[in-house]
Amino acid sequence: AGGAGMHAGKWFAVDTSVQADASIEDSVELAAQDWPILTRGGDGDHPMVRAYLEASAGIIDWAQDLGAEFTLKEGGFEPAGTPRFHSLDGSARPTATLRERLASHILLETPALALAMGSAGVDGVWIDDGWIQADAVVVATGGFGRDRDRQLEYLPGLGAFEHATGAMPHMDGNGLDMMSAVGAAMVNMDAPSIYTHDIMDPYLGSPEVLVVGFIDESLVVDGWGLRLMNEQEGQVVWGGAAWLERGPLYAIISQEQALELRFKGLGYNYPGHDGFAVLDLAEEEGFARGESRSELADALGMAALEATLQRYDELAIAGEDLDFGKDPQRLLELGEQLLAVPLVPAKGKSFGGAGLDIEGRVLDGNLQPIPGLYAAGEAAGVLGGVHVGWGFEGSISGIVFTGQLAGTSAADYALSR
């Protein structure tokens, strides 16, 4: 829960005291059953997944001991129904507390360049002016959300669209390069992990984005004007996978609604900024507008848009989304005067990385552990294998889990040498 944790709003956890206080009944068994839904195909019976689910409540307790305060996220999209997304109070930073406690043991200005290999396995890291010897090494360098070449290697369909990312600036995949160089196997690298809730940042340009916070109350359509999803899925990490088959995509909102909406700049680009007015950007960037539905359809060249809008209004009036199951409170009539927001497929978290065993050890191509080498967080695809499916929301708790797992195992290994 380092850089990404500074901006993530949700921690996934099961059978917690926070849930109990809200009278939410949950269990590891139920979450394991729901796992394929939560991850679009992950394996809820895998030992690593089960271990994570069993540890998740303790992770919330751990963060609370470091000063974090959680509430259950209300009104958000819960793919499996049971509320499990724990919202972290915006002022709480558990890692800041850890940093203060461990300041004398952390080298914040000393980048690792490569892993050092000895006769018995990994025994340190190379740095600018030499190397640091270590009995065990944990790679926790983050994912590859800004490594365009690696993304296109595994998701070539992204090449049809301009480069966009919501990943932290340091997510360049350097840790994956270091592990690959000593024989580590990379797994689940084609997990989409693409968001639908972004536009290209008009001020900073590619690959930076602004977040469309109102995506769940809009109508998302493809280039033909056809609706393709429950728009609440635009807020989850696998929601943008539709780009690979149906992009480009647009969020249709009413011009009246746009008066009160804002695009949010990512915190590392706009610290303390409260966002940009939608209509102001619409004027500057020339977003398509229509004083009538037919005018907007003509402007976008979407033959099916008027019929799609009519169907969407019918569902909104009925108060039930029979097509995609959207929350009725998010299902709003759009009116006649409309605005089309051009979305971009933004690569976010990385659910592919080094394969791990149940002890957090990095595996080679023969599924054997590389002595002395451990990985955690997005460098290990969060949970270290294909059992994570396309990924899941609230994965900060998964990052903490593999961090604790790898750290404990590495310490035990180092003490045994």
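Guide: Let's start with a term: a salt bridge is a side-chain nitrogen of Lys or Arg within 4 Å of a carboxyl oxygen of Asp or Glu. One caution too: this is a predicted model, where local features need pLDDT of at least 70, side-chain atom pairs count only at pLDDT 80 or more, and totals for chains, interfaces and linings use all residues. Residues are numbered from 1 along each chain as its sequence is written, and side-chain values use heavy atoms, with hydrogens and water left out.

Visitor: Okay, how many salt bridges does the structure hold?

Guide: There are 22 of them. Take Glu 208 and Arg 146, whose closest N and O atoms are 2.9 Å apart. That pair links distant parts of the chain, 62 residues apart: Glu 208 is in the loop between β10 (198–200) and β11 (209–212), and Arg 146 is in the loop between β7 (137–139) and α5 (148–154). Those labels are DSSP runs numbered from the N terminus, with helices (H or I) of at least four residues and strands (E) of at least two.

Visitor: Are Glu 208 and Arg 146 buried or exposed?

Guide: Both are buried. Buried means under 20% relative accessible area, exposed means over 50%, and partly exposed is in between (1.4 Å probe, protein chains only).

Visitor: Now Arg 227. Which residue does Arg 227 form a salt bridge with?

Guide: Asp 321, and the closest N and O atoms are 2.7 Å apart. Arg 227 lies in the loop between β12 (219–221) and α7 (243–246), while Asp 321 lies in the loop between α11 (305–318) and β17 (338–342), so the pair ties together parts 94 residues apart in sequence.

Visitor: And what does Lys 326 meet in a salt bridge?

Guide: The side chain of Glu 231, at 3.2 Å from N to O. This pair also links distant parts of the chain: Lys 326 is in the loop between α11 and β17, Glu 231 is in the loop between β12 and α7, and they are 95 residues apart. Lys 326 counts as buried because its relative accessible area is 2%, and Glu 231 is buried too, at 0%.

Visitor: Which residues are linked in a network of salt bridges?

Guide: Arg 227, Glu 231, Asp 321 and Lys 326. Arg 227 is buried, with a relative accessible area of 13%. Its side chain makes a polar contact with the side chain of Glu 231 at 2.9 Å, and reaches the backbone oxygen of Met 229 at 3.4 Å.

Visitor: What's a polar contact?

Guide: A pair of N or O atoms within 3.5 Å; within protein, one must be able to donate a hydrogen and the other to accept it, and residues adjacent in sequence count only if both atoms are side-chain atoms.

Visitor: New topic: where is Asp 34?

Guide: Asp 34 sits in helix α2 (residues 28–39). It counts as buried, at 10% relative accessibility. The side chain of Asp 34 makes a polar contact with the side chain of Arg 84 at 3.0 Å. Leaving out residues up to four places away in sequence, Asp 34 touches Ala 80, Thr 82 and Arg 84, where contact means heavy atoms within 4.5 Å.

Visitor: Last one: where does Ile 106 lie, and how accessible is Ile 106?

Guide: Ile 106 is in the loop between α4 (94–102) and β4 (114–118). At 34% relative accessibility, Ile 106 counts as partly exposed.
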